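Colleague: I should be grateful for a close look at one helix of this model and at the packing around it. Please set out the cut-offs behind each term as you go.

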Amino acid sequence: MLPPPPRQPPPQARAARGAVRLQRPFLRSPLGVLRLLQLLAGAAFWITIATSKYQGPVHFALFVSVLFWLLTLGLYFLTLLGKHELVPVLGSRWLVVNVAHDVLAAALYGAATGIMSDQMQRHSYCNLKDYPLPCAYHAFLAAAVCGGVCHGLYLLSALYGCGRRCQGKQEVA
């Protein structure tokens, strides 16, 4: 009898799984640019909040901003490196996952912007020229503006993703 042939995994499978290639079309796509702008505006939002004295409902706004900044960072790099197929269950529906992320982020950033606007109005008493005590009005104003920008950027990317989905496309870029 002949011995069985040696068992070796196909080399193509290893190369395909371990290869990391930069997805240049994603960098130039509208969604790639929107993701970068979302990361910048989101960082400005949570850094502005974190450097001010905050309390109460502002904790929720800080939670939303940091959570979606981290999630957006993960989505951006998974898409940029072409590794979204490795995400269990969701990798095959990457465009739908991105749209769901953007819709949820837009809704929660809308709530966070409302919270920051309310806090800004509550601290408007100290917006006087000669007010001697420290005041968080300007920080809350800047955070409300950054939150509104984030809200708009996530709405734009959700609409872009929905448009691609309606055109029958499955890929993000």
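Modeller: Helix H6 covers residues 137-166, and at 1.5 Å a residue its 30 residues should span 44 Å; the end C-alpha atoms are 43 Å apart, which agrees. That expected span is 1.5 Å times one less than the number of residues, and helices are DSSP runs (H or I, at least four residues), as strands are (E, at least two), numbered from the N terminus. This is a predicted model, in which local features need pLDDT of at least 70 and side-chain atom pairs count only at pLDDT 80 or more, while totals for chains, interfaces and linings use all residues. Residues are numbered from 1 along each chain as its sequence is written, and side-chain values use heavy atoms, with hydrogens and water left out.

Just after H6, glycine 168 adopts a positive phi of about 90 degrees.

UniProt, in an unreviewed entry, places the feature "transmembrane region" at residues 31-49, 61-82, 94-116 and 136-160; its positions follow the numbering used here, feature names are shortened, and annotations may be inferred rather than shown by experiment. Residues 31-49 are 100% helix and 0% strand, with end C-alpha atoms 26 Å apart.

Cysteine 150 is buried, at a relative accessible area of 0%, whereas cysteine 162 is partly exposed, at 35%. Here buried means under 20% relative accessible area, exposed over 50%, and partly exposed in between (1.4 Å probe, protein chains only).

As to packing, a nonpolar core is a set of buried Ala, Val, Leu, Ile, Met, Phe, Trp, Tyr and Cys residues joined through side-chain atoms within 4.5 Å. The largest has 26 residues, and Phe45, Ile49, Tyr109, Met116 and Tyr154 make the most contacts inside it. Helices H3 (30-50), H4 (58-80), H5 (94-122) and H6 each supply at least two of its residues, and H6 gives the most, with eight.

Leaving aside residues up to four places away in sequence, phenylalanine 45 touches Ala143, Cys146 and Gly147, among others including Ala112; contact means heavy atoms within 4.5 Å. Alanine 112, in helix H5, is buried, with a relative accessible area of 0%.
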